[in-house]
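Please read this report with the model open beside you.

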Amino acid sequence: MRLHHGSPGRISYSAQGHSFRVSLIVSCVFALGLLFFGQAEAQVFERVRQAVENATNPFYEFVGPPIRSARDSIGGVFRVFEVYRENKILREQNAELVAWRNAALALERKLARYDALLEVPLEPDIQYRTARVVGDPGGPFVRTMRINLGRDDGVIEGQAATGADGLVGRVVSAGPHAARILLLTDLNSRVPVMLEPSGVRGMLIGQNDSLPIITYLPKDTEVEIGANIVTSGHGGVLPPGLPVGTVTSLSGKDAVVRPASRLDQVMFLRVLDYQSPHAQVPYSTSGPPILNAHQSAVSTNVAAAAGLQNAIGVTNTTSSPSTPTVGQGQ
Amino acid sequence: MISRESGLSVWRSTTILLPLGTILLAVLIMPLPVSVKLDGHWLMPSFPLIAIYLWTLLRPELVPPITVLLSGLLMDLVIGAPLGISSLAFLAAYAITLSQRLYWITLPGFGQFVGFLLMMSVASLVAWLAVSFVHGRFVGAVPALLEIIVSALVFPIARRMFMPLARMAGPVG
């Protein structure tokens, strides 16, 4: 490329430089076209994305773990100073949790009695697969994670992904050997949720920061700071009753939520294999509507009690986090 | 037996691929778990933009627009962003660097650093506008600002490491 110098910063092009500039303009137009066309025909590009993710997965699985181990080791040195303080906090929390556990067990026995009285069919136990996170988001406007399981391991789009403390996101793309998890905090994330104990429903929307918001709340809803947020199960995609977070503040008509799981510290995820028994038949024809609505409400609460313990796997889980497994929480 | 001239020709052909190879490698390392976490944000310097800036500044004839476009495409595919966003941001960075190249390259190191900040700002602005367009509303810009800051901190080290690569590709100018 021949360049002729003018005053500093100004360039006059020869014929070769002219074609360079044309090439730049064509590239910009192509990129703009991708931006528009990619939104209209997302499925087409999704297959290409899955193929690229699959092809690059061996690289990330090979390089990722040693880098993460080195980073965690370095971080561990600084965390030594926090150990004493964390130990004290954890002991206090443990004492509180023991009391809650006893209350939860009593409630579970009560619900089981109601089941028997109403003959409500329980939702099936939720199976899960444990996956390792092999990739961070990688961009300022994207909050997704790559995991080392894909369609060949039973991971499909729409499945919920949970961490140790609650919902982390859901599978948004699954190739044969790798999948991508859309985090709760991503701009594209939409999760139907419910406030406890009021049962008010809303939509959790990511804001590309650490605190998603709940919007589409009913008019005149009073939201308490500290209220627990769980998945509502609406739409039948995500199981109901999964812990999502707590309300930390209010922003106009919306509630700001702090996720239960530390999304930036997740190393292993459980991908839940859940199929709602209500997804295919939204309206029952076998009885009066009011009875079916009541049945639906009770089964949702029962599923929340049964599915919650299974999905989070609080007790007696035997799956190893280092290898992908198919397991069933106790 | 390979003659010295043909050996040099093969070497030059290989070094022409250096810019493409380093930029693509920079794209591939973006999702690796090397980011620093801060209040729910993943802080990671934009290695592809650093590579595009340095190569365009020092060896623009080895960085045709198609290289930048394909790098942006790969970036979007790898990180899961809507297609076209990274391509637009990279091309904007490339265009402004190319247009101001002859001025920035005459400046001492700090001048090139200021040029880099300007390039990053333009690229981040284009990316922010594109993302806002996709979502139909103005999205928060804090992650982009953090990326600019972290990239600026890493730039002097990256520049030092880059110079031997640039010399491998031939005379700088």
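A:Val29 lies in helix α1 (residues 15-40) of chain A. Helices (H or I, at least four residues) and strands (E, at least two) are DSSP runs, numbered from the N terminus. A:Val29 counts as exposed, at 51% relative accessibility. Here buried means under 20% relative accessible area, exposed over 50%, and partly exposed in between, with a 1.4 Å probe and protein chains only. In sequence, A:Val29 and A:Ala95 are 66 residues apart; in space they are 62 Å apart, C-alpha to C-alpha.

This is a predicted model, in which local features need pLDDT of at least 70, side-chain atom pairs count only at pLDDT 80 or more, and totals for chains, interfaces and linings use all residues. Residues are numbered from 1 along each chain as its sequence is written, chains are lettered from A and ligands numbered from 1 in the order in which they are written, and side-chain values use heavy atoms, with hydrogens and water left out.

**Salt bridges**

How many salt bridges does the structure hold over all chains? There are five. A salt bridge is a side-chain nitrogen of Lys or Arg within 4 Å of a carboxyl oxygen of Asp or Glu.

| Pair | N to O distance |
|---|---|
| A:Arg180 and A:Glu53 | 2.5 Å |
| A:Glu92 and A:Lys88 | 3.5 Å |
| A:Asp264 and A:Arg262 | 3.4 Å |

Take A:Arg180 and A:Glu53, whose side chains meet in a salt bridge. This pair links distant parts of the chain, 127 residues apart: A:Arg180 is in strand β7 (residues 179-183) and A:Glu53 in helix α2 (residues 42-79) of chain A. A:Arg180 is buried, with a relative accessible area of 3%. A:Glu53 is buried too, at 2%.

Now take A:Glu92 and A:Lys88. Both lie in helix α3 (residues 83-118) of chain A, four residues apart, about one turn of the helix. A:Glu92 counts as partly exposed because its relative accessibility is 48%. A:Lys88 is also partly exposed, at 44%. In the remaining table row, A:Asp264 is buried, with a relative accessible area of 7%.

**Positive phi**

Most residues other than glycine have a negative phi. A:Asn208 is not a glycine, yet its phi is positive, about 65°. It sits in the loop between β9 (201-205) and β10 (213-215) of chain A. At 1% relative accessibility, A:Asn208 is buried. A:Tyr216 has a positive phi of about 60° and is not a glycine either. Its place is the loop between β10 and β11 (228-231) of chain A. Is A:Tyr216 buried or exposed? It counts as exposed, at 63% relative accessibility.

**Cavities**

On a 1 Å grid over the protein atoms alone, a cavity is a set of points where a 1.4 Å probe fits but cannot get out; lining residues have an atom within 4 Å of a point. The count comes to four cavities of 30 Å³ or more. Of its 18 lining residues, the closest to its centre are A:Gly139, A:Pro140, B:Trp42, B:Leu43 and B:Met44. In chain B, β2 (41-43) and α7 (142-168) each supply at least two residues of this lining.

**A further residue**

B:Phe133 is found in helix α6 (residues 109-135) of chain B. B:Phe133 counts as partly exposed, at 47% relative accessibility.

Note on methods: 1 Å grid on protein atoms, 1.4 Å probe; cavity = no way out; pocket = protein on both sides within 12 Å on 5 of 7 lines; lining within 4 Å. Points joined across faces, edges and corners; volume = space filled by probe spheres on them.
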